[in-house]
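Look at the structure first, then read on.

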Amino acid sequence: MCEKNVLVAVDGQTVELKVRSGTIGPDVVDIGSLYKQTKMFTYDPGFTSTASCESKITYIDGDEGVLLHRGYPIEQLAEHADFLEVCYLLLYGELPTKAQKSDFGDRLTRHTMVHEQMSRFFTGYRRDAHPMAVMVGTVGALSAFYHDSTDITDPHQRMIASLRMVAKMPTIAAMAYKYHVGQPFIYPQNDLDYASNFLRMCFAVPCEEYVVNPVLARAMDRILILHADHEQNASTSTVRLAGSSGANPFACIAAGIACLWGPAHGGANEAALNMLAEIGTVDRIPEYVARAKDKNDPFRLMGFGHRVYKNYDPRAKIMQKTMYEVLDAAGHSDDPLMKVALELEKIALSDKYFIEKKLYPNVDFYSGITLRALGFPATMFTVLFALARTVGWIAQWNEMIQDPDQRIGRPRQLYTGEAKREHVPISQR
Ligand code: SDX
């Protein structure tokens, strides 16, 4: 990695800061010594110009609409790989050989069941609790059941905890769904692939055989690939910050789930479908586009815009293709919300406001229509996002723990409150 320097003039003092270059993408100015040299902080509340870490996992070029996982374009992974291979790639840095994939699949399979006592854990929730609330609580509780894999200084325990998280998330997500709809839990079936096992745990019932539709299983697998990891997004940064204190991996993933739930982040897939349902028909689109452009109206087009992508989100294109496949296979190819979504995209992408602000559909815009056609209620959409993103969070967490420069994350602030003042007794206030 070549090193250059920049000079920063501060109050007549010239400060020299190192510039570091990555493999591809923007250089970074190392400001680690800035406060020591200048007694000043940098200020970047939304981290729009801040690299929080060095990473080798995922690269995004927002201007070109490029997404690489360990160097492989998302389009090629979605087309030619399956989610198990992408999990292996994110965790270990290379696509697996046949033998490595088989061994990895076997190791994951041995961890798909959850402690039987966890099923009683669910009975504490109301049946109408949002499944994401159930996920935050239940995943956080995993450290109460698996305390033998919470020592983050032990590489073996880190590996077991990583496998447990990736293996158990489908089981827990399916349990959250079954509890939500009042049906009995379905145990994992170890001879099924990851996506098929998940669909069966969600939609099988004890009173009849459940046959997985291979088209829907392949679509589910591809949706998991599209959501697996995405650089230092809000929830991944949350997992890293929680992990930097030495918190156990289950607690860190629960923190990531909590952050992902926000409608500006992973919660946008549920919000986007609800928005399309509220618009209802194509003739009402102009009213909502006008609201999205109105500075005085908090309404935004959910599933549109992105902090990094100022071009089409490459995942949205693949999700749209998957949407057609699923609607066709599920017999909903005339879904009225699809017509609203396609027309809304067309109108927005030709509108000056969206063009100037470089607002394009993101991964959440078409996923809701697709997931609904797979049989999921909108309340489960962000749960599925969390299920897929768990491998990315775990890969990023492992990378952070093994980073020799790793230390507890502790940002500073620009303080604009009261200067020091003396206490006044209440009798004198
Ligand atoms: C995900 O970071 C990741 O990688 C996230 C993710 C991942 O895989 O982890 O990709 C997943 O979270 C995708 C994003 C899902 N969220 C939504 O679809 C919610 C709707 N989108 C917006 O809330 C917004 O676009 C964000 C939150 C996604 C991005 O917000 P930014 O980067 O802070 O941008 P901004 O809010 O400053 O917007 C810039 C301008 C603003 O106008 P001005 O103040 O400059 O006049 O664009 C406008 C915004 O008002 N704008 C929108 C808009 N998004 C931004 N206007 C209308 N509709 C929108 N959707």
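Val215, Leu216, Ala219, Arg222, Ile223 and Leu226 in helix H9 meet a set of residues in helix H14. On the H14 side these are Arg315, Ile318, Met319, Lys321, Thr322, Glu325, Val326 and Ala329. To meet here is to be in contact, with heavy atoms within 4.5 Å. By class, this contact has nine nonpolar, one polar and four charged residues. Ala, Val, Leu, Ile, Met, Phe, Trp, Tyr, Cys and Pro count as nonpolar, Asp, Glu, Lys and Arg as charged, and the others, Gly among them, as polar.

The model is predicted: local features need pLDDT of at least 70, side-chain atom pairs count only at pLDDT 80 or more, and totals for chains, interfaces and linings use all residues. Residues are numbered from 1 along each chain as its sequence is written, and side-chain values use heavy atoms, with hydrogens and water left out.

**How the helices cross**

Two packed helices are described by the angle between their axes and the distance between the axes. Helices (H or I, at least four residues) are DSSP runs, numbered from the N terminus. Axes are lines fitted to C-alpha atoms over the stretch in contact, and angles run from 0 to 180 degrees between N-to-C directions.

| Helix | Partner | Axes come within | Crossing angle |
|---|---|---|---|
| H9 (214-226) | H14 (314-329) | 10 Å | roughly 160 degrees |
| H10 (234-244) | H11 (249-260) | 8 Å | roughly 150 degrees |
| H12 (268-279) | H18 (381-401) | 7 Å | roughly 150 degrees |

The axes of H9 and H14 cross at roughly 160 degrees. That makes H9 roughly antiparallel to H14 (angles over 145 degrees). H9 passes H14 in a left-handed crossing. Left-handed means that the near helix is turned anticlockwise from the far one by less than a right angle; clockwise is right-handed.

H10 and H11 cross at roughly 150 degrees. H10 is therefore roughly antiparallel to H11. Their crossing is right-handed. Among the H10 residues that meet H11 are Ala234, Thr238 and Gly243. The residues of this contact divide into eight nonpolar, four polar and no charged.

H12 and H18 also cross at roughly 150 degrees. So H12 is roughly antiparallel to H18. This crossing is right-handed. Asn269, Glu270 and Leu273 in H12 meet Phe381, Thr382 and Phe385 in H18. Three of the residues in this contact are nonpolar, two are polar and one is charged.

**A loop residue**

Where is Thr379 found? Thr379 sits in the loop between helix H17 (363-373) and H18. Leaving aside neighbours within four places in sequence, Thr379 is in contact with His130, Pro131, His180 and Glu270. The side chains of Thr379 and His180 are joined by a polar contact of 3.3 Å. Such a contact is a pair of N or O atoms within 3.5 Å; within protein, one must be able to donate a hydrogen and the other to accept it, and residues adjacent in sequence count only if both atoms are side-chain atoms.

**Around the ligand**

Which residues come nearest to the ligand? Of the 24 residues around the ligand (a heavy atom within 4 Å), His230, His306, Arg307, Arg315 and Arg389 come nearest. A polar side-chain atom of Arg307 lies 2.7 Å from a ligand oxygen atom. For Gly303, a polar backbone atom is 2.8 Å from an oxygen atom of the ligand.

Methods
Helix = DSSP H or I, 4+ residues; strand = E, 2+ residues; numbered from the N terminus. Parallel < 35°, antiparallel > 145°, perpendicular 65-115°, else oblique.
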